[in-house]
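Hello,

I am passing on the structure we spoke about. The notes on what was found in it follow below.

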Amino acid sequence: MGYGTILVAYDGSSPSNRALANALDLVNHGLGQRVVVLSVTDPAKMGDPAFAAAARAAGVLLSTEENEQAALEALKEQVAGRIEGNEDVIDLRVAFGKPQEAIANAAAKEPCGLIVMGSRGLGAIKGMLGSVSTAVLHASYVPVLITK
């Protein structure tokens, strides 16, 4: 029983780190078999100077499909300490496009039994959950666990 494969939407933020920890807890308690960690780069935002500056400050590699391997290596480095001891149940993936669409598509393609993601909690203007988490919640055909 359980969720089978659990997809974690990961962007390096504190909420996404909590989402990854929660997904690993579910697997370690027998409620899932493996965790797919998905990092999504939105090419439409990559040209925005504010986005690029924020990404650099956060240590996020801006990628296009031509350097998917580099993005995967960056993700591996970013989560290395967080997945230690659980490497046998972790799959790392990168995707390009609008995050909400890439997350929902990856969950359907895998297939996943649960999506776990963090909420930025940016306030009422962005919605109580945040724009990406709200969009995934509405677009997904599988349960979505949103961590604060």
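**The sheet and what packs on it**

Strand β1 (residues 5–9) pairs with strand β4 (residues 114–118) in the parallel sense, over three bridges. Helices (H or I, at least four residues) and strands (E, at least two) are DSSP runs, numbered from the N terminus, and two strands pair if DSSP finds at least two bridges between them. This is a predicted model, in which local features need pLDDT of at least 70 and side-chain atom pairs count only at pLDDT 80 or more, while totals for chains, interfaces and linings use all residues. Residues are numbered from 1 along each chain as its sequence is written, and side-chain values use heavy atoms, with hydrogens and water left out.

On its other pairing, β1 meets β2, again in the parallel sense, over five bridges. Ile6 has a bridge partner in each of these strands: Leu114 in β4 and Val35 in β2.

The whole sheet is open, with five strands in the order β3-β2-β1-β4-β5 and parallel pairing. β3 (90–96) and β5 stand at the edges with a single partner strand each, so one side of each has no neighbour in the sheet. From one strand to the next the twist averages 25°. Axes here are lines fitted to C-alpha atoms, for helices over the stretch in contact, and angles run from 0 to 180 degrees between N-to-C directions.

Helix α1 (residues 14–28) packs on the sheet, where it touches β1, β2 (34–41), β3, β4 and β5; its direction makes about 170° with that of β1. Contact means heavy atoms within 4.5 Å. Helix α5 (residues 99–109) lies across β1, β2, β3 and β4 and runs at about 150° to β2.

**The chain overall**

The protein chain has six helices and five strands. From the N terminus on, these elements run β-α-β-α-α-α-β-α-β-α-β. Of the contacts with a separation of 6 or more, 69% are between residues 24 or more positions apart.

Buried residues make up 40% of the 148 residues; buried means under 20% relative accessible area, exposed over 50%, and partly exposed in between (1.4 Å probe, protein chains only). In β1, five of the five residues are buried, so this strand is largely enclosed by the rest of the structure. Thr5, Leu7 and Ala9 point one way from β1, and Ile6 and Val8 point the other way.

The buried residues of α5 are Pro99, Ala102, Ile103, Ala104 and Ala107. They pack against β1, β2, β3, β4 and α6.

α5 also gives the most to the lining of the second largest pocket, with four residues. β2, β3 and α5 each supply at least two residues of that lining, which includes Leu7, Val36, Arg93, Ala102 and Lys109. The space in this pocket is about 230 Å³. For the search, a 1 Å grid was laid over the protein atoms alone; a pocket is an open set of points where a 1.4 Å probe fits, with protein on both sides within 12 Å along at least five of seven lines, and lining residues have an atom within 4 Å of a point. Grid points are joined across faces, edges and corners, and the volume is the space filled by probe spheres set on the points.

Pro111 is in the loop between α5 and β4. The peptide bond from Glu110 to Pro111 is cis, with omega near -20°.

- Ser133 is found in helix α6 and is buried, at a relative accessible area of 3%. Leaving aside neighbours within four places in sequence, Ser133 is in contact with Met117, Gly118, Ser119 and Ile146.
- Val142 sits in the loop between α6 (131–139) and β5. It counts as partly exposed because its relative accessibility is 23%. Val142 and Ala108 are 34 residues apart in sequence, and 8.2 Å apart in space from C-alpha to C-alpha.
- Thr147 lies in strand β5 (residues 144–147) and counts as buried, at 7% relative accessibility. Not counting residues up to four places away in sequence, Thr147 touches several residues, among them Pro15, Arg18, Val116 and Met117. A polar atom of the Thr147 side chain lies 3.4 Å from the backbone oxygen of Pro15.

Regards

Definitions and conventions:
Polar contact = N/O pair within 3.5 Å; in protein donor to acceptor, adjacent residues only side chain to side chain.
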